[in-house]
Amino acid sequence: VPESVSGLCQEVFRLVDANNDGHWDMAELNNASERTKGVFPKATEDSFRAMDTDSNGTIEPQEYSSSVTRAIQRLPEADRDAALTQLKAALTWMKDALQPGL
């Protein structure tokens with residue numbers, strides 16, 4: 001995943017982590033979905049478990065970053081550039097929508 005996408009993932013992670021404890025819980029993910037009017041996807045138990053690879057009940061920055069990387073890597077190589085462009089646009093929109101006061 002390009003550095004620009006990785007950096008956006010880090011910014012989105014920081015903004016979703018409402019209590020600044022360094023990880024996400026289900027409430028923070030659903031709060032982010034509400035704050036962005038659904039642009040940040042609402043978490044389901046299955047999607048949460050898929051990202052929570054160490055099964056500790058929270059999602060750490062590395063787990064989020066890894067889940068994004070895995071999603072891109074699962075795509076056919078011919079589709080990856082277009083997907084990365086769309087992902088970058090979506091992460092930018094989420095970041096902007098999650099900014100306090102907006």
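**Aromatic rings and helix packing**

Visitor: Are Phe13 and Tyr64 buried or exposed?

Guide: This is a predicted model, in which local features need pLDDT of at least 70, side-chain atom pairs count only at pLDDT 80 or more, and totals for chains, interfaces and linings use all residues. Residues are numbered from 1 along each chain as its sequence is written, and side-chain values use heavy atoms, leaving out hydrogens and water. Buried means under 20% relative accessible area, exposed over 50% and partly exposed in between, with a 1.4 Å probe and protein chains only. Phe13 and Tyr64 are both buried.

Visitor: What is the arrangement of the rings of Phe13 and Tyr64?

Guide: A search of the whole structure finds four aromatic pairs. Rings of Phe, Tyr and Trp (its six-membered ring) pair if their centres lie within 6.5 Å; planes under 30 degrees apart are stacked, over 60 edge-to-face, and the rest tilted. For Phe13 and Tyr64 the centres are 6.3 Å apart and the planes are at 40°, so the pair is tilted.

Visitor: How many residues apart are Phe13 and Tyr64?

Guide: Helices are DSSP runs (H or I, at least four residues), numbered from the N terminus. Phe13 sits in helix 1 (residues 3–16) and Tyr64 in helix 4 (residues 61–73), and the separation is 51 residues.

Visitor: Which residues form one aromatic cluster?

Guide: The rings of Trp24 and Tyr64 have centres 4.6 Å apart and planes at 50°, so this pair is tilted. Both Trp24 and Tyr64 are buried. The one cluster is formed by Phe13, Trp24, Phe40 and Tyr64.

Definitions and conventions
Helices (H or I, at least four residues) and strands (E, at least two) are DSSP runs, numbered from the N terminus.
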